[in-house]
Amino acid sequence: RTVCRPYQEKSQAWRLALPHRKRGEHVTHGRLRIIDKNKTDTQDENGYSALMLASHKGYTEIAKMLLAAGANVNVYANEGSTALLFASEQGNIDLVRALVNANVNINAQDKNGKTALRDASVNGHTEVVQLLLSSGADANIQDGYGRTALMSASMNGHTQIVQELLANGADVSIKDSEGDTALDDAELNDNTEIIKLLKSAG
């Protein structure tokens, strides 16, 4: 069994994976507990595993210890979220790297079609975008609205991410469900530098 430092959490997934807490005790990072390796992938009523909860909360140390205990990196919550989606959305490069090294599904999509690359792109997390792309992320996956990572980065003015996506095969001609392209998004927000990049790529 593996030693870790969990925190107070009501989820059944935590209670089962991290069972060694006295009733009513507030578990802090300073208290060592034990991971039950046989229950690391238990999911709560929302489909969240302990690893997903750690990723969502940004508790990198705990997530890494769960990985060391053999936690499944490709568990999906009821709405389709994964540990990688949470870590990428938050720009947690250390955890994203750990998940990639554990053979996570880079291109996993939630029920809205969002990917880790799309979440990192919309939030401006350049390092995460670079890591995902170098690990095989598909730059042209569309979400439920036809939106791509390139569209998200263009809309939000993330110039360096637009450059990274274009350098890794992002298609400027893709249209979303309303018929708009990444260039339309950039022009809507008057992102001059990005407009130039997209026109040059097109």
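Where is the place of threonine 82? I looked that up to begin. Threonine 82 sits in the loop between helix H3 (60-68) and H4. I am working from a predicted model.

**Entry: threonine 82**

I checked whether threonine 82 is covered. Its relative accessibility is 4%, so I count threonine 82 as buried. Next I listed its contacts, leaving out residues up to four places away in sequence. Threonine 82 touches Met52, Val75, Tyr76 and Ala108.

**Entry: the aromatic pair**

How many aromatic pairs does the count come to? I get one aromatic pair. Its partners are tyrosine 48 and phenylalanine 86; the ring centres are 5.9 Å apart and the planes stand at 20 degrees, so I log the pair as stacked. I then placed both residues. Tyrosine 48 is in the loop between strand S2 (33-35) and helix H2 (50-57). Phenylalanine 86 is in helix H4 (residues 83-90).

**Entry: the nonpolar core**

I turned to the largest nonpolar core, which has 52 residues. Which of its residues touch the most other members? They are Leu51, Leu99, Leu117, Leu132 and Leu165. Helix H5 supplies the largest share of this core, six residues. For context, nonpolar side chains in soluble globular proteins tend to be buried together.

**Entry: helix H7**

Helix H7 covers residues 126-134. I noted its buried residues: Thr126, Val128, Val129, Leu131, Leu132 and Leu133. What covers them? The cover includes H4, helix H5 (93-101), helix H6 (116-122) and H9. I also looked at what comes after the helix. Glycine 136 follows H7, and its phi is positive, near 105 degrees.

**Entry: salt bridges**

I counted salt bridges and got four.

Aspartate 94 forms a salt bridge with arginine 97, with the closest N and O atoms 3.7 Å apart. Both residues lie in helix H5, three residues apart, about one turn of the helix.

Then I went to arginine 147. Arginine 147 bridges to aspartate 176, and the closest N and O atoms are 3.1 Å apart. Arginine 147 is in the loop between H7 and H8, while aspartate 176 is in the loop between H9 and H10, so this pair ties together parts 29 residues apart in sequence. Arginine 147 and aspartate 176 are both buried.

Arginine 147 also forms a salt bridge with aspartate 185, where the closest N and O atoms are 2.8 Å apart. Aspartate 185 is in helix H10, 38 residues from arginine 147, and the pair links distant parts of the chain. I looked up the accessible areas. Arginine 147 has a relative accessible area of 15%, which makes it buried. Aspartate 185 is buried as well, at 3%. Which residues do the shared partners join? Arg147, Asp176 and Asp185 form one network.

**Entry: alanine 182**

I stayed in helix H10 for alanine 182. Not counting residues up to four places away in sequence, alanine 182 touches Leu150, Met151, Ser154, Val172, Ile174 and Leu198. I also took a C-alpha to C-alpha distance: alanine 182 and isoleucine 195 are 8.9 Å apart in space and 13 residues apart in sequence.

**Entry: helix H11**

Last, I checked helix H11 (residues 192-201), where the buried residues are Ile194, Ile195 and Leu198. Why do I put them on the same side of H11? Because they cover an arc of only 105 degrees around the axis. On the other side of H11, Lys196 and Ser200 are exposed. I then asked what the buried residues of H11 pack against. They pack against helix H8 (149-155), helix H9 (159-167) and helix H10 (182-188).

Definitions and conventions. Residues are numbered from 1 along each chain as its sequence is written. This is a predicted model: local features need pLDDT of at least 70, side-chain atom pairs count only at pLDDT 80 or more; totals for chains, interfaces and linings use all residues. Side-chain values use heavy atoms; hydrogens and water are left out. Buried means under 20% relative accessible area, exposed over 50%, partly exposed in between (1.4 Å probe, protein chains only). Helices (H or I, at least four residues) and strands (E, at least two) are DSSP runs, numbered from the N terminus. The arc is that of the directions from the helix axis to the C-beta atoms. Contact means heavy atoms within 4.5 Å. Rings of Phe, Tyr and Trp (its six-membered ring) pair if their centres lie within 6.5 Å; planes under 30 degrees apart count as stacked, over 60 as edge-to-face and the rest as tilted. A nonpolar core is a set of buried Ala, Val, Leu, Ile, Met, Phe, Trp, Tyr and Cys residues joined through side-chain atoms within 4.5 Å. A salt bridge is a side-chain nitrogen of Lys or Arg within 4 Å of a carboxyl oxygen of Asp or Glu.
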